[in-house]
Structure formats: C-alpha cells, structure tokens
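Let's take a walk through this one together, a piece at a time. Have the sequence and the 3D view open while you read.

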Amino acid sequence: MILVTGATGTVGREVVRRIPADLRFRVMCRKPEGFAGLRAQAEAVHGDYRDRPSLVRALRGVSAAFLVTAEIGGDQDARFLRAARSAGVRHVVKLSAAAVEDPGAEDLITRWQRGNEELLRGSGMEWTLLRPRSFMSNSLSWAATVRAERVVRGLCGASGNACVDPRDIAEVAVRALTGDGHAGRSYTLTGPEAITAAEQTAQLAQLLGRPLRFEELGPEQARTALRARYPHDLVEALLESAQRQRAGAKAQVDGTVPALLGRPAGSFHAWARDHLSAFV
C-alpha cells in the first residue's frame with residue numbers, strides 16, 4: 001500500500017494520476033469525498049497532520065509514502081514521521097526544494113526544508129529526497145492579468161530559472177515509490193533550460209496569438225503585492241529567494257530528470273501549451 005499526502009496539490013495530484021493501475025494506494029486529505037471515483041484502486045481517507053488518530057488510520061498497512069507539507073516553520077513533518085515510523089512504513093519519498101543545496105540560501109523556507117530533510121534522514125526509515133527547482137505552474141499566478149490586461153508582472157524578469165514541469169516531479173516520485181535503487185538518494189529536478197520570466201511571457205504570447213508585455217516589479221512593489229497574500233516572514237523569505245535568482249543561483253540545469261525518466265525534461269513551452277486554457 002502506498003500513501004500519497006498532498007494529493008490535492010500541484011505535484012500530489014499528478015502523482016495520483018501516474019501510479020500504475022495494478023498497485024493499491026491511499027490518498028490522505030481533509031476532504032476525501034473529493035476523490036470519489038478518481039482511480040479505481042485508490043482509497044481516500046481523512047487525515048490531518050495535527051490529528052494523530054487520523055494519521056494512524058491513514059498509515060495503517062502502508063509500506064511507502066509520498067510526503068508533502070506546506071506549513072512553513074511548522075512541525076507537520078515531525079508529526080507525520082513519528083506516526084509513519086510507528087506504523088511500520090519502510091520508505092518515505094519527501095518533496096523538498098533545490099535551494100537546500102545552495103549555501104547562500106538562509107531564508108525561512110529553505111531553513112525549514114533543511115530541517116525537515118534532517119528529520120527524515122534520522123527517522124530510521126528509508127528515504128528519498130526530491131529537490132525541484134521552481135514549478136513551471138507558478139506562472140498560473142499571472143493568468144488573471146494576462147486575461148484582463150495582457151500583462152505579466154513580476155520580479156527578476158531577466159534572470160534565468162531552470163524551472164521544472166510538476167508532471168516530471170510526479171513521475172520521478174512514482175519511480176521512487178514503486179521501484180528499487182532510490183533509497184538514500186537525493187534528486188535535484190530541473191527543466192531542460194534556464195528561462196526568464198520575460199521569455200516565458202513571450203512564449204505565452206506566441207501560443208495565445210496575442211501580444212503580451214512583461215512589467216518588472218521593484219522590490220517595494222513586490223513586497224506590497226506579496227503582503228496581500230502572505231505573512232511578513234514568508235514575504236521576506238520570497239524576496240530573499242528572488243535576490244538569489246537575480247544573482248544566478250537558480251539557473252543551473254541538472255540532468256537527473258532525463259537520466260531517471262529516459263527522455264528530455266519537459267519544457268516551459270510544452271507545459272504552457274497544455275495549460276493554455278488558464279490564460280484565455
């Protein structure tokens with residue numbers, strides 16, 4: 001039995017779609033009724049990281065788990081790993097972040113992810129760490145202004161980011177959950193090239209068949225926009241991350257995705273083509 005957490009999220013939902021049809025699996029979510037009939041072999045259960053009895057039920061009989069947590073600075077990983085170890089889970093595949101490998105990254109988000117990785121490595125269970133660069137799907141945050149104003153606004157418009165297709169992350173996760181040779185491995189996952197936000201905007205314009213423009217946000221403009229969505233500490237962490245991108249810290253392309261999947265990593269152009277309806 002495989003357990004998928006974060007099954008309603010960007011990567012988790014793609015993991016659910018890719019688990020082989022002959023394998024039983026369980027998805028843990030707060031509203032399991034939303035998964036009724038999604039996959040014939042899937043069992044949806046209620047689970048909450050702060051509710052240990054729900055974790056015990058979700059982990060019963062599980063041999064491998066895909067772990068996604070999102071409470072920055074919280075203890076969701078610790079709570080899950082304690083319950084998983086007690087339940088006899090053998091292998092945990094953890095969604096982390098590429099920034100943990102950057103010695104210059106000391107923002108809140110990266111420190112939290114490093115701590116979570118240490119917890120997993122010290123858990124006594126087998127582990128695999130997935131360290132993706134930024135998701136290509138982050139560009140969905142531009143959809144409203146693309147539709148209404150034909151404009152993309154953001155930071156670091158001229159700085160490259162080797163962003164990755166979430167579908168590639170999910171395919172690697174499924175390989176790690178279902179195959180041999182992945183225990184004790186850390187995988188950095190990127191796309192096939194470093195691409196700037198201005199270049200992404202141009203590719204979207206070509207696919208949409210309409211002109212779009214990119215508008216660079218200054219630091220204070222970005223801070224104001226982010227504060228409408230996130231708490232202060234998280235805003236400052238995101239701005240620190242943007243500064244590292246401007247310095248070139250996110251431009252390196254890694255060959256792990258093609259090496260593991262036997263094909264090129266998905267491009268932003270292909271991802272945008274497949275999600276173009278969001279921008280129309």
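Start by finding Thr188. Leaving aside residues up to four places away in sequence, Thr188 touches Ala98, Glu101, Arg131, Asp254 and Thr256. Keep in mind as you look around that this is a predicted model. Thr188 sits in strand β8. Is Thr188 buried or exposed? Its relative accessible area is 14%, and since anything under 20% counts as buried, Thr188 is buried. For a sense of scale, hop over to Ala84: Thr188 and Ala84 are 104 residues apart in sequence, and their C-alpha atoms are 25 Å apart in space.

Now zoom out to the sheet that β8 belongs to. Seven strands make up an open sheet with parallel pairing, and their order is β3-β2-β1-β4-β5-β6-β8. Which strands stand at the edges? They are β3 (42–46) and β8 (185–189); each has a single partner strand, so one side of each is left without a neighbour in the sheet. Ignoring direction, neighbouring strands in this sheet are turned by 20° against each other on average.

Strand β4 (residues 64–67) runs parallel to β5 (residues 91–95), and four bridges join the two. You can pick out some of the pairing by eye: Phe66 has Val93 as its bridge partner in β5, and Leu67 stands opposite Lys94. Then there is β6, which pairs with β5 in the parallel sense over five bridges. Lys94 turns up here again, with Leu129 as its bridge partner in β6.

How much of β5 is covered? Five of its five residues are buried.

Helix α3 lies across β1 (2–4), β4 and β5, running at about 175° to β4. Helix α4 lies across β5 and β6 (126–132), and runs at about 160° to β6.

How do α3 and α4 sit against each other? The axes of α3 (residues 76–87) and α4 (residues 108–121) come within 10 Å and cross at roughly 10°. That angle is why α3 counts as roughly parallel to α4. The crossing is right-handed. Where they meet, α3 brings Asp77, Ala78 and Leu81, while α4 brings Trp112, Asn116, Leu119 and Leu120. Sorted by class, that contact has five nonpolar residues, one polar and one charged.

α3 has another helix to meet: α2. The axes of α2 (residues 52–59) and α3 come within 9 Å, with a crossing angle of roughly 45°. That makes α2 oblique to α3. Here too the crossing is right-handed. From α2 come Arg52, Leu55 and Leu59; they meet Arg79, Phe80, Arg82, Ala83, Ala84, Ser86 and Ala87 in α3.

Finish with two spots in the loops. Most residues other than glycine have a negative phi. Arg150, though, has a positive phi, near 60°. You'll find Arg150 in the loop between α5 (143–149) and β7 (151–154). With a relative accessibility of 39%, Arg150 counts as partly exposed.

The other spot is Cys156, which isn't a glycine but has a positive phi of about 60°. Where is Cys156? It is in the loop between β7 and α6 (166–178). Its relative accessibility is 5%, so Cys156 counts as buried.

Methods: Residues are numbered from 1 along each chain as its sequence is written. This is a predicted model: local features need pLDDT of at least 70, side-chain atom pairs count only at pLDDT 80 or more; totals for chains, interfaces and linings use all residues. Side-chain values use heavy atoms; hydrogens and water are left out. Axes are lines fitted to C-alpha atoms, for helices over the stretch in contact, and angles run from 0 to 180 degrees between N-to-C directions. Angles under 35 degrees count as roughly parallel, over 145 as roughly antiparallel, 65 to 115 as roughly perpendicular and the rest as oblique. A crossing is left-handed if the near helix is turned anticlockwise from the far one by less than a right angle, and right-handed if clockwise. Contact means heavy atoms within 4.5 Å. Ala, Val, Leu, Ile, Met, Phe, Trp, Tyr, Cys and Pro count as nonpolar, Asp, Glu, Lys and Arg as charged, and the others, Gly among them, as polar. Two strands pair if DSSP finds at least two bridges between them. Buried means under 20% relative accessible area, exposed over 50%, partly exposed in between (1.4 Å probe, protein chains only).
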